[in-house]
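Welcome! Here are a few exercises to work through with the structure in view.

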Amino acid sequence: MNKPIRVLVVEDSEYDTLLLVYELRRGAFDPMFQRVDTPATMSAALDQQTWDIVVADFSMPQFNALAALELLKKKGLDVPFIIVSGTIGEEVAVAAMKNGAQDYIMKNNLNRLVPAVERELREAVARRKRTRAEAELRENKEQFRVAREIQQRLFPKAAPQFGPFDLAGGSYPAEATGGDYFDYLPLADGGLGVVVADVTGHGVGPALLMAETRAYLRTLTMNDTDVGEILTRANRLLADDVDCEHYVTLILAKLDPLSQSLVYASAGHPNGYVLDASGKPKALLQRTGVPLGLQPGGPYIAAPPIRLLAGDIVVLVTDGIEESLSPENDFFGRQRIFEVARDHAKESAREILEALFGAVRNFSQGRPQLDDLTVVVAKVSPSP
């Protein structure tokens, strides 16, 4: 079957127009065409119909190809433009090409018409795909800029001074910003909730979902001190706003300054760690339930309390830390977290935090960061 094509012919000669149409039909096209020979008729044709290609005679009594090309550009239309002329100098043809014409063909050599049309139709498709991709890229960049701005406003400006605990937290967003979040939440019984969370996906949607999660947690911790119950209620509130593609993993650890202990609940979040004063692993803070929003009625139960001693180090992370890749595609992993803690065990929480971020950067050796890197460190200070 012949390929349908819509051709706007800018030509004062009906006979030459029929020759062009005949040549296209010989080349397996089925042209729907219209002939115009003035700026007004061409403008009306462009407004009334979508065209696949414009074929224009170079010079006519009331019009010419350069004026037709300028009219096409003013309309903002991306339509291939081919000049077909009986006489055209090479310098004039080159000038026309610089102004946007895709090709020029002499009327005594119309066997070039079909190959030129086929080529320009292919290139027009590729050009439009590229234009759409560039527009989507600009839109994504703007979304990521907005998401990063939302995300940065969620983070606490500074760690609180809290009993025997030295606290430090930080987050480095990836270019395609996700939904990492950390916070410090005062509890009614004098404890402090430390939360580290991650929403799957990238862009504005995950950032807004994390902002919603933050608001729920801040409200719930004003009236409840049981970390399991807090996550249970947050899960119910979030159930209508998440799906299988966008959910929240979160760990909420409660630090008690009087008993110097830690109690936590984890909604499908990566492991947290408690290390002793030498940096040796002491306890693994594993998942105690599924990510928030996946099972609206599911309860979350707090894990048993962990007694903390002077020098103990609590490390809470998002998966961007352990899943950071080296140039050889090796994961950073938990053992390197332990090594950093061991090497800097005598230092402050802030120094341990910065050492961990530095170790991840050195490990990646400039490789693009695929996910946000978020860490909170809590170190038990020696008793006075």
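Two strands count as paired if DSSP finds at least two bridges between them. Keep in mind that this model is predicted.

**Exercise 1.** Work out how strand 4 and strand 5 pair, and where strand 5 sits in its sheet.

*Solution.* 
- Step 1: Strand 4 covers residues 81-85, and its pairing with strand 5 is parallel, with four bridges.
- Step 2: Now view the open sheet, where five strands run in the order 2-1-3-4-5 with parallel pairing.
- Step 3: Strand 5 (103-106) is an edge strand, as is strand 2 (29-36), and each of them pairs on one side only.

**Exercise 2.** Find the salt bridge between R6 and D52, and decide for each residue whether it is buried or partly exposed.

*Solution.* 
- Step 1: The closest N and O atoms of R6 and D52 are 2.8 Å apart.
- Step 2: R6 belongs to strand 1, while D52 is in the loop between helix 2 (39-48) and strand 3, so distant parts of the chain are linked, 46 residues apart.
- Step 3: Buried means under 20% relative accessible area.
- Step 4: D52 has 18% relative accessibility, so D52 is buried, whereas R6, at 29%, is partly exposed.

**Exercise 3.** Locate R233 and E229, which form a salt bridge.

*Solution.* 
- Step 1: Both residues lie in helix 7 (residues 227-238), four residues apart, about one turn of the helix.
- Step 2: R233 is partly exposed at 35%, and E229 is partly exposed at 27%.

Notes:
Residues numbered from 1 in each chain as written. Predicted model: local features only at pLDDT ≥ 70, side-chain atom pairs only at ≥ 80, totals over all residues. Heavy atoms only, no water. Helix = DSSP H or I, 4+ residues; strand = E, 2+ residues; numbered from the N terminus. Salt bridge = Lys/Arg side-chain N within 4 Å of Asp/Glu carboxyl O. Buried < 20%, exposed > 50% of the residue type's maximum accessible area, 1.4 Å probe, protein only.
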